[in-house]
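I opened my notebook today to look through a single model, and I wanted to write down what I looked up in the order in which I looked.

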Amino acid sequence: MAQIVEAGGAVGKYGPRLGWRWWRFAAAVSLGLSCGVKWSGLYFVAAFGLLTVVWDLTARRAAGIERWWEDALVVDAVPAALVMLPTVVLVYVASWSAWFAHPMSYLRNWAEVNGAAPPGWWPGWGWAQGAWEAGRSLLEYHHMMWDFHNGLDSEHNYASHPLGWIIQWRPTSFYWDKYAPGQGPCPADTVGDCATAVTSLGNPLLWWLGAAAIPVVLVLSLRYRDWRGAAALTGIAAGWLPWFLYSWPLADRTIFTFYSIVFTPFVILTLVHLLAVGLERTPRRSADRRIVVWLAAVLVVLVVGVSALYYPIWTAMPVPYEYWQRLMLLPSWI
């Protein structure tokens, strides 16, 4: 807007047109890839798609555009949907390219085997027929996956409610075994038994500090209208809150703590955001600034140190049984 005014132009009651938003297109590609890894990426598509429109809306309002809400809906929201949604779908389908290419892929020939014919209006020649059969087979594959996961309600010892994910209350144990000295990977000269484990426990210090940082970041984001904190919180909300719909008291699906891996980066970003705000709001070369810098350095060192302590139980390295016990800080971790 400043450039338009400086050039002698007028903005009017509608704001400037911003053209093709390459960053939004790149985000749609990334979100489509995330859906190709795990369907819960759809929640991130919805959350970040809406967030980017809110960013545009608030920017137009802050710039003084007269009809900012109408302009944001017509110029930002509609184009955003037309760019992001088809891009996400195309990228997701492209992520199945290996499945399409290999004739022996699971359910690849379902339509042909089960005689699922295309509708009458569909072209009947070679490649069109093959495309329909491949697409119909992929649709059946998705239908089977959907039914399986939504009907998954069997009892499991490591099932966990999403309320405890943010503090890693009940991590999933993928593997655990105990060996006497000289057995398996346990050295013969070891005093006492050895334990090997693969546990989906996040870094406790990182998660506990992140859980404490979430309400602080929420307050700071509202107070200072900081889009960075809102972005971190949106990622946490998209990866965490939907799972409450699948758990007690609304449902009874079997779910696990390791689902929280999808919003782990955003938990880390809440801590990063707090440190960034601390640096921005303390004068350079002041005592307070040095305190924030030292706090950041100490935090990084402690997080790396805790990761080193827990690395053996993430990777099935043989450790003394007593060492494994000391790492189990909560009874629910066993």
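**Entry 1: the model**

I note before anything else that this is a predicted model, and I keep that in mind for each entry.

**Entry 2: the largest nonpolar core**

I first asked which residues touch the most other members of the largest nonpolar core. Among its 39 residues, I found that these are Trp165, Ile166, Ile236 and Phe263. I then looked up which elements give two or more residues to this core, and the list runs through α2 (22–37), α3 (41–62), α4 (68–94), α6 (110–113), α7 (126–150), α8 (204–224), α9 (227–240) and α10 (264–280). The largest share comes from α9, which gives 5 residues. I wrote beside this that in soluble globular proteins nonpolar side chains tend to be buried together.

Another core lies apart from the largest one, and its 12 residues include Leu201, Tyr310, Val319 and Leu327.

**Entry 3: helix α9**

Helix α9 has 14 residues and reaches 20 Å from its first C-alpha to its last, which is close to the 20 Å expected at 1.5 Å a residue. I also asked how many of the 14 residues of α9 are buried. The number is 10, and the helix is therefore mostly covered, buried here standing for a relative accessible area under 20%. The buried residues are Gly229, Ala231, Ala232, Leu233, Thr234, Gly235, Ile236, Ala238, Gly239 and Trp240, and what covers them includes α3, α8 and α10.

**Entry 4: salt bridges**

I turned to the charged side chains next, and the structure holds 10 salt bridges. In one of them Glu70 pairs with Arg67, the closest N and O atoms being 2.4 Å apart, and I noted that Arg67 is partly exposed, with a relative accessible area of 28%.

A salt bridge also joins the side chains of Glu140 and Arg136, at 3.6 Å from N to O. Both residues lie in helix α7, 4 residues apart, which is about one turn of the helix. The general rule I wrote beside this is that an α-helix has 3.6 residues a turn, so residues three or four places apart point the same way. I found Glu140 buried, at a relative accessible area of 16%, whereas Arg136 is partly exposed, at 24%.

Lys178 and Asp193 form a salt bridge through their side chains, again with a value of 3.6 Å from N to O. This pair links distant parts of the chain, with Lys178 in strand β1 (residues 173–179) and Asp193 in the loop between β1 and β2 (194–199), 15 residues apart. Lys178 is partly exposed, with a relative accessible area of 37%, and Asp193 is partly exposed too, with 26%.

I also found a network of salt bridges that links Arg21, Arg24, Asp56, Arg60, Asp71 and Asp76.

**Entry 5: a buried charge without a partner**

I stopped at Glu133, whose place is in helix α7. Glu133 is buried yet has no salt bridge, and the nearest side chain of opposite charge, Arg108, is 6.4 Å away. A salt bridge needs a nitrogen and an oxygen within 4 Å. Leaving aside neighbours within four places in sequence, Glu133 is in contact with Ala111 and Glu112.

**Entry 6: cysteines**

I counted 1 disulfide, and it joins Cys186 to Cys194, with an S to S distance of 2.1 Å. Is this disulfide right-handed or left-handed? The torsion about the S-S bond is about 60°, so the disulfide is right-handed. Both Cys186 and Cys194 are buried. Cys35 counts as buried as well, at 4% relative accessibility.

**Entry 7: Ile65 in its loop**

My last entry is on Ile65, found in the loop between α3 and α4. Ile65 is buried, with a relative accessible area of 4%. Not counting residues up to four places away in sequence, Ile65 touches Met1, Lys13, Tyr14, Gly15, Pro16, Arg60 and Asp71. I also noted that the C-alpha atoms of Ile65 and Trp55, 10 residues apart along the chain, are separated by 14 Å.

How values were computed
Residues numbered from 1 in each chain as written. Predicted model: local features only at pLDDT ≥ 70, side-chain atom pairs only at ≥ 80, totals over all residues. Heavy atoms only, no water. Core = buried A, V, L, I, M, F, W, Y, C linked by side-chain atoms within 4.5 Å. Buried < 20%, exposed > 50% of the residue type's maximum accessible area, 1.4 Å probe, protein only. Expected span 1.5 Å × (residues − 1). Contact = heavy atoms within 4.5 Å. Lys, Arg positive; Asp, Glu negative; His and termini not counted. Disulfide = S-S within 2.5 Å.
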